[in-house]
Amino acid sequence: QVQVVESGGGLVQAGGSLRLSCSVSGTLIGAKTMGWYRQIPGKQRELVASITNSDDANYADFVKGRFTISRVYLKNTLHLQMNSLKPEDTGAYFCNAQFIVGPRGIHWGQGTQVTVSS
(Lines give C-alpha, C1' and ligand atoms only; values in the text may rest on other atoms or scores of the structure.)
Protein backbone atom coordinates (compact mmCIF):
# COMPACT_ATOMS: atom_id res chain seq x y z
CA GLN A 1 0.00 0.00 0.00
CA VAL A 2 1.29 3.43 -0.94
CA GLN A 3 2.15 5.74 1.94
CA VAL A 4 2.97 9.41 1.66
CA VAL A 5 4.78 11.03 4.58
CA GLU A 6 5.69 14.69 4.96
CA SER A 7 8.28 16.18 7.28
CA GLY A 8 10.08 19.44 7.93
CA GLY A 9 7.33 21.71 9.12
CA GLY A 10 7.71 23.94 12.15
CA LEU A 11 7.71 27.44 13.54
CA VAL A 12 9.80 30.14 11.89
CA GLN A 13 9.95 33.92 11.97
CA ALA A 14 8.88 35.98 8.99
CA GLY A 15 11.70 36.17 6.46
CA GLY A 16 13.04 32.78 7.49
CA SER A 17 13.27 29.50 5.64
CA LEU A 18 12.03 25.95 5.94
CA ARG A 19 12.56 22.86 3.84
CA LEU A 20 9.74 20.36 3.57
CA SER A 21 10.30 16.79 2.49
CA CYS A 22 7.94 14.10 1.29
CA SER A 23 8.63 10.43 0.78
CA VAL A 24 6.44 7.85 -0.92
CA SER A 25 6.76 4.20 0.01
CA GLY A 26 5.00 1.02 -0.96
CA THR A 27 5.74 1.12 -4.67
CA LEU A 28 8.75 0.98 -6.98
CA ILE A 29 6.88 2.85 -9.70
CA GLY A 30 7.68 6.52 -10.21
CA ALA A 31 4.84 8.95 -9.72
CA LYS A 32 3.85 10.93 -12.79
CA THR A 33 3.35 14.13 -10.81
CA MET A 34 4.05 15.13 -7.24
CA GLY A 35 2.94 18.28 -5.59
CA TRP A 36 2.59 20.41 -2.47
CA TYR A 37 -0.71 21.88 -1.40
CA ARG A 38 -1.58 23.95 1.60
CA GLN A 39 -4.69 24.51 3.61
CA ILE A 40 -5.29 27.61 5.68
CA PRO A 41 -8.10 27.48 8.25
CA GLY A 42 -11.36 28.54 6.66
CA LYS A 43 -10.06 28.15 3.12
CA GLN A 44 -9.92 25.38 0.57
CA ARG A 45 -6.79 23.41 -0.03
CA GLU A 46 -4.74 25.12 -2.74
CA LEU A 47 -1.82 24.20 -4.96
CA VAL A 48 1.56 25.55 -3.90
CA ALA A 49 3.79 23.81 -6.45
CA SER A 50 3.93 20.65 -8.49
CA ILE A 51 6.50 18.85 -10.59
CA THR A 52 6.23 16.13 -13.21
CA ASN A 53 8.49 13.18 -13.91
CA SER A 54 10.00 15.34 -16.68
CA ASP A 55 10.97 17.94 -14.07
CA ASP A 56 8.42 20.44 -15.32
CA ALA A 57 7.59 22.59 -12.32
CA ASN A 58 4.52 24.71 -11.76
CA TYR A 59 4.15 27.31 -9.01
CA ALA A 60 1.28 29.28 -7.56
CA ASP A 61 1.75 33.00 -8.11
CA PHE A 62 1.96 33.68 -4.39
CA VAL A 63 5.16 31.58 -4.02
CA LYS A 64 6.99 32.34 -7.26
CA GLY A 65 10.51 33.51 -6.56
CA ARG A 66 10.36 32.33 -2.94
CA PHE A 67 9.72 28.57 -3.04
CA THR A 68 11.52 25.89 -5.04
CA ILE A 69 10.19 22.39 -5.64
CA SER A 70 12.47 19.48 -6.46
CA ARG A 71 12.22 15.72 -6.62
CA VAL A 72 14.31 12.60 -6.77
CA TYR A 73 12.31 10.66 -9.33
CA LEU A 74 13.46 7.11 -8.74
CA LYS A 75 13.04 7.53 -4.99
CA ASN A 76 9.66 9.26 -5.18
CA THR A 77 11.07 11.90 -2.87
CA LEU A 78 9.89 15.48 -3.02
CA HIS A 79 11.22 18.66 -1.42
CA LEU A 80 9.98 22.19 -1.05
CA GLN A 81 12.51 24.86 -0.17
CA MET A 82 10.62 27.80 1.27
CA ASN A 83 12.46 31.11 1.61
CA SER A 84 11.32 34.59 2.59
CA LEU A 85 8.41 33.13 4.48
CA LYS A 86 5.47 35.35 5.35
CA PRO A 87 2.84 35.02 8.09
CA GLU A 88 0.25 34.34 5.38
CA ASP A 89 2.20 31.19 4.44
CA THR A 90 1.04 29.66 7.71
CA GLY A 91 -0.98 26.52 7.21
CA ALA A 92 -0.95 22.76 6.86
CA TYR A 93 1.15 21.59 3.92
CA PHE A 94 0.23 18.38 2.17
CA CYS A 95 2.16 16.30 -0.32
CA ASN A 96 0.51 14.25 -3.02
CA ALA A 97 1.68 11.78 -5.60
CA GLN A 98 -0.22 10.92 -8.76
CA PHE A 99 0.28 7.56 -10.43
CA ILE A 100 -1.05 6.58 -13.83
CA VAL A 101 0.12 2.96 -13.59
CA GLY A 102 0.47 0.61 -10.69
CA PRO A 103 -1.14 2.27 -7.65
CA ARG A 104 -3.24 4.46 -9.96
CA GLY A 105 -4.73 7.61 -8.53
CA ILE A 106 -3.73 10.40 -6.23
CA HIS A 107 -2.27 9.58 -2.84
CA TRP A 108 -2.08 12.16 -0.05
CA GLY A 109 -0.02 12.51 3.07
CA GLN A 110 -1.31 13.58 6.46
CA GLY A 111 0.28 17.02 6.23
CA THR A 112 2.87 19.00 8.15
CA GLN A 113 2.21 22.30 9.91
CA VAL A 114 4.08 25.45 8.95
CA THR A 115 3.71 28.46 11.22
CA VAL A 116 5.30 31.79 10.37
CA SER A 117 5.34 34.38 13.12
CA SER A 118 5.43 38.09 12.44
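Here are some notes on the nonpolar core and the aromatic residues of this predicted model.

1. Ground rules first. The model is predicted, with local features needing pLDDT of at least 70 and side-chain atom pairs pLDDT 80 or more, while totals for chains, interfaces and linings use all residues. Numbering runs from 1 along each chain as its sequence is written, and side-chain values use heavy atoms, leaving out hydrogens and water.

2. The largest nonpolar core has 27 residues, and Trp-36, Leu-80, Met-82 and Tyr-93 have the most contacts inside it. A core here is a set of buried Ala, Val, Leu, Ile, Met, Phe, Trp, Tyr and Cys joined through side-chain atoms within 4.5 Å; buried is under 20% relative accessible area, exposed over 50%, partly exposed in between (1.4 Å probe, protein chains only). Strands supplying at least two core residues each include β3 (18–25), β4 (33–39) and β9 (91–99); strands are DSSP E runs of at least two residues, numbered from the N terminus.

3. Beyond its neighbours within four places in sequence, Tyr-93 touches, among others, Trp-36, Leu-80 and Met-82 (contact: heavy atoms within 4.5 Å).

4. There's one aromatic pair: Tyr-37 and Trp-108 are edge-to-face, because their ring centres are 5.0 Å apart and their planes at 65°. (Pairs need centres within 6.5 Å, using Trp's six-membered ring; planes under 30 degrees apart are stacked, over 60 edge-to-face, the rest tilted.) Tyr-37 in β4 and Trp-108 in β10 (residues 105–108) are 71 residues apart. Tyr-37 is partly exposed at 23%, and Trp-108 is partly exposed at 35%.

5. Arg-45 lies over the face of Phe-94, 3.7 Å from the ring centre, and over that of Trp-108, at 4.7 Å. The criterion is Lys NZ or Arg CZ within 6 Å of the ring centre and within 35 degrees of the ring normal.

Definitions and conventions: Helices (H or I, at least four residues) and strands (E, at least two) are DSSP runs, numbered from the N terminus.
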